[in-house]
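Please keep the structure open beside you as you read.

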Amino acid sequence: MTVTPASRRGPGRAPDRIVVLTGAGLSAESGIPTFRDGDGLWERHRIEDVATPEAFDRDPALVLRFYDMRRAAAATAQPNPAHAALARLSHHPGVTLVTQNIDTLLERAGARDVIHMHGRIDGALCAACDHRWTAPAAMAPADPCPACGRPRTRPDIVWFGEMPYHMDQIEQALARAQLFAAIGTSGQVYPAAGFVDFARAVGAETVELNLVPTDDALDRFDASIAGPAGRTVPAWVEGLIGPG
Ligand code: OAD
């Protein structure tokens, strides 16, 4: 493990403004597959078949079935120690917690105000009128929207080619960040992959926590902590705000 500036700061000496970005690696130890590792979801499914607006227009039943399976997997997964540690951190003043994950394991671990930039698998959205409601276990193309009645219901998640949610709020937090951490994300999908550059440009200290350092990690981050999130994240959080 790399010794980080954060760990030299001493326990309980967290900066006033921290932004944490999480990715699929955070939930890997909870049994939810990542996207780009050896057994990742994008090894088994083509993005253009299941994760674009065009795919939904072409074959809504296939797309809805794909997300039904992911909803079921997310519902049975349990938060791991990394979720629990970030949940504790989220109650610390000045912390902004952003996730690319569509599962709700951070909330189930007790985190507050989690910003889901890629949406949530437990949500449904009407593509016709933008009404949102709690997704049923299984969604079908003919399901009518509870508000407008049209059969244009989709999961409330962000597909490739769509704008991630809450970007203004995230950019405001990044603009004031003193510490930015990217946890369990490969840094291949923008705009999230560019947050570290934004944070660096405003003078924040930057750190990644990942199973293995991502490509160019030490060019892009001040420090890289390698290891499974369930082990590294609790230690990192303890280094920031002390033991729970
Ligand atoms: P990826 O699958 O691209 O990357 C997951 C990262 O987690 C990799 O760098 C792994 O090395 C790391 N990892 C795996 N297990 C880990 C563990 N136990 N502890 C720590 N790190 C671990 O997933 P994301 O970067 O989250 O978007 O993917 C970003 C976006 O691409 C997703 O939100 C999704 C996907 O397509 C949409 O669907 C719009």
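1. Start with Gly184: one of its backbone N or O atoms sits 3.2 Å from an oxygen atom of the ligand. Please bear in mind that this is a predicted model. Of the 790 Å² that the ligand exposes when taken alone, the protein buries 93%.

2. Two other residues are worth a click here. A polar backbone atom of Phe35 is 2.7 Å from an oxygen atom of the ligand. With Trp42 it is a polar side-chain atom, and the distance to an oxygen atom of the ligand is 2.8 Å.

3. How many residues surround the ligand? There are 23, and the closest are Ala24, Phe35, Arg36, Thr185 and Ser186. By class, this shell holds 10 nonpolar residues, 10 polar ones and three charged ones.

4. Now step back to the whole chain. The domain assignment gives domain 1 as 1-32 + 79-118 + 164-244, and domain 2 as 39-76 + 122-157. Each domain is therefore listed as several stretches of the chain in the assignment. Between the C-alpha centres of domain 1 and domain 2 the distance is 28 Å.

5. Next, look at where the domains meet. Seven residues of domain 1 are in contact with nine residues of domain 2. About 610 Å² is buried between domain 1 and domain 2, with carbon and sulfur atoms giving 53% of that area. Which residues of domain 1 lose the most area to domain 2? They are Ile102, Arg108 and Tyr165, which together make up 64% of what the domain 1 side buries.

6. What about polar links across this interface? Between domain 1 and domain 2, three residue pairs are in polar contact, while the rule finds zero salt bridges there. The side of domain 1 that touches domain 2 has three nonpolar, two polar and two charged residues.

Terms used
Residues numbered from 1 in each chain as written. Predicted model: local features only at pLDDT ≥ 70, side-chain atom pairs only at ≥ 80, totals over all residues. Heavy atoms only, no water. Contact = heavy atoms within 4.5 Å. Buried area = accessible area lost by both parts, 1.4 Å probe. Salt bridge = Lys/Arg side-chain N within 4 Å of Asp/Glu carboxyl O. Polar contact = N/O pair within 3.5 Å; in protein donor to acceptor, adjacent residues only side chain to side chain. Nonpolar A, V, L, I, M, F, W, Y, C, P; charged D, E, K, R; others polar. Near = heavy atom within 4 Å. Areas by Shrake-Rupley, 256 points an atom, 1.4 Å probe, with all protein chains shown as cover.
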